[in-house]
Amino acid sequence: MFRIISKELLNPTVSKMVVDAPLIAKKAEPGQFIIVRSRNDSERIPLTISDFDREAGTVTIIYQLVGGSTMELDTLKKGDELCDFVGPLGKPSHTEGLKKVAVIGGGVGCAIAYPITKKLHEQGCEVHSVVGFRNRELVILEKEFEKASDRFFMMTDDGSYGEKGLVTDALERLLTEGNTYDEVIAIGPLIMMKFVCLTTKKYNVKTIVSMNPIMIDGTGMCGGCRLTVGGETKFACVDGPDFDGHQVDFDEAMSRGQMYLDFEKHTREALCRLQKEEC
Amino acid sequence: MSDRNMDLHKCPMPVQDADARNKNFEEVALGYTYDMAVNEAKRCLNCKKKPCVSACPVNIDIPAFIECIASEKPENAYDILSEQTSLAAVCGRVCPQESQCEGKCVRGIKGEPVGIGRLERFAADYHAEHNKNPQKKPKYNGHKAAIIGAGPSGLTAAGDLAKKGYQVTVYEALHLPGGVLVYGIPEFRLPKAIVQREIENLKEIGVEIVTNMVIGKILTIDELFEMGNEAIFIGSGAGLPRFMNIPGESLKGVYSANEFLTRINLMKAYQEDSKTPIQKAKRVAVVGGGNVAMDAARCAKRLGAEEVFIVYRRSMNELPARKEEVEHAEEEGIVFKTLHNPTEIHGDENGNVSGMTCVRMELGEPDAGGRRRPIVIENSEFRIDLDCVIMAIGTSPNPLIRTTTPGLEANQHGCLIVKEETGETSRKNVYAGGDAVTGAATVILAMGAGKTAADAIDKALS
């Protein structure tokens, strides 16, 4: 069992949980993920490691309430225990030798983009970061990003905070300014990553994306997380989750991500009803 | 013994009615009653040559255990089984007996062989029902070993080493131990309570099982040695599912058999209140002809599919599945489209599976493996309407350990290379067995490998 050391609401739909998992904390690297089951009848869901503290032996996860499983996870409080917490899974993000990078984070994807930003910054890399949210209320990790970046841009869809516009607007500006990046790292909704890749392709800048498809075991067994990358079948859990964004078939990934939408909608409604009844 | 039963046929196995069972997940074969078992046991001639034993991957003294049942001492039968297997209740249910012990039985020359598998199952179930004495924990011999993977090979190695006095820790990546016995083989063929029972037996003799531990990620092989383990057995099992590389395999509604079965078996997606979703398809094609394909097809039927096809490129005679599974599948209404091969999966405007194009095949000359090679019949394409396709065409071994352990050699397919007689890998004191070495194979072969390695470890360390 894995005890929840602390839990914090980052915005109305995103929570942060610090979990006691010393063995995982010892090995975790930015870009890797864990599989969590909150109770012994829960689904296995992959969540990216958003931070870790080797000395304290803790792993931090940040998750958005999107379906039944994350809603169930969110019912747990500080001091409660998670039934299963497995990791660190996937390959760590590659940061070695990078001198100048643009990190693009969208929504809750910022939770994954942040540890990479931090690591790059710590190794002396020049980091330009662009984060985007739908509106002011949903902004997370602003201070953290600011601290770890040489240049920082906040974008909101409705202009309620930072600059009105999409992350690609700011990225395009940086690229036309003449910035040359060793890499652009984009983490966020599939549609955002797709458009970041279309933007960087024009400038011929290598772009890494972090994929988060449907997964069960997360250890290279079920094949549910398969993606088409450069015309080949790849498995996000063991070959990724980071891939060359210019090679990823995003349209296929988006379609596959919709596989259980009806089921999820149904569980979400059932859970909401249950929670209302309990209140 | 004078009262041999010379009936040419096996005592039939009581089963759930086909039309009832293809709608539920309860066990299909109900098991022999006491009288049926004694009667069937009397069909064994207890012949001197014991050809059955030579065909058993774990060398069970088959005539001896059967003789105990015939003479109505079923508890002794279990003791004899236990000398060679920690998982008798499992083997009795899932071994391909027709190509092993029963395939060599002299009674099979004229008539049916002795129902060895059924008798093994009977002895194990009888023991579970009647014996309430906890097993004695063997005396600690001062040696420590680690096992990676709580599937058939790992559990066998763990059991054998624990019986010899080793302190054994089994590391399992999933949240439940059992490996393919829990995530792959369905409840109706191997009830999970039985797997649980066998695992409890191992715990009783001191085997420690730690779940949620992905070795290669959370701990490396080298760290397991630093923790005081003197030998390590890798039984990490089957890995990534294979696909055919035909158009349409990424459509919604195309599953690997691993995913489909894991959702159903490990995550209980067939139960009404399960939180893990599964597609309730109406027309399903399962591509492949092995046990995994039969399991997937029969699961799809039980989830309410109106038509389920097995699409296999060779003929009925070449199906690699256990004979009993093929028979059960046919009885349950699974349609066998043998000598067929898919060439493309079609989707609708929303990216959901809508059909599959197949070609017809004929059998040509035997290939290197001795099986007749399937050849495409020109212009034989036709389309089947479907809403789900399940690929059950095999797996490649799990990559996590070989990619994180320096000095561990694997072949071009990713299978770990071991010395056949010991199971030792290219790393000293690191042994391996099961699907991690052979690629997708059977439970009993994996168990045999676990057993070989346990013996070799014991020899090397004592």
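Which residue follows α11(B) with a positive phi? In this predicted model, that residue is G206(B), and its phi lies near 105°.

**View 1. Helix α11 of chain B and what covers it.** Helix α11 comprises residues 192-204 of chain B, and its end C-alpha atoms are 18 Å apart, which agrees with the 18 Å that its 13 residues should span at 1.5 Å a residue. Along this helix, K192(B), I194(B), V195(B), E198(B), I199(B), N201(B) and L202(B) are buried, and the elements that cover the buried residues include the helices α5 (74-84), α6 (88-94), α9 and α10 (180-183) together with strand β3, which belong to chain B.

**View 2. The open sheet of chain B.** Five strands, paired in parallel, make up this sheet in the order β3-β2-β1-β4-β16. Because β3 (208-210) and β16 (430-432) of chain B stand at the edges with a single partner strand each, one side of each is left without a neighbour in the sheet. On average, and with direction ignored, neighbouring strands of the sheet are turned by 20° against each other.

**View 3. The pairing of β4 and β16 in chain B, with helix α18.** Strand β4 (residues 231-234) pairs with β16(B) in the parallel sense over three bridges, and F233(B) has Y431(B) of β16(B) as its bridge partner. Helix α18 (residues 443-461) of chain B packs on the sheet, where it touches β4 and β16, and its direction makes about 170° with that of β4(B).

**View 4. Helix α9 across the strands of chain B.** Helix α9 (residues 152-163) lies across β1 (144-148), β2 (167-171), β3 and β4 of chain B, and it runs at about 165° to β1(B).

Definitions and conventions. Residues are numbered from 1 along each chain as its sequence is written. Chains are lettered from A and ligands numbered from 1 in the order in which they are written. This is a predicted model: local features need pLDDT of at least 70, side-chain atom pairs count only at pLDDT 80 or more; totals for chains, interfaces and linings use all residues. Side-chain values use heavy atoms; hydrogens and water are left out. Two strands pair if DSSP finds at least two bridges between them. Helices (H or I, at least four residues) and strands (E, at least two) are DSSP runs, numbered from the N terminus. Axes are lines fitted to C-alpha atoms, for helices over the stretch in contact, and angles run from 0 to 180 degrees between N-to-C directions. Contact means heavy atoms within 4.5 Å. The expected span of a helix is 1.5 Å times one less than its number of residues. Buried means under 20% relative accessible area, exposed over 50%, partly exposed in between (1.4 Å probe, protein chains only).
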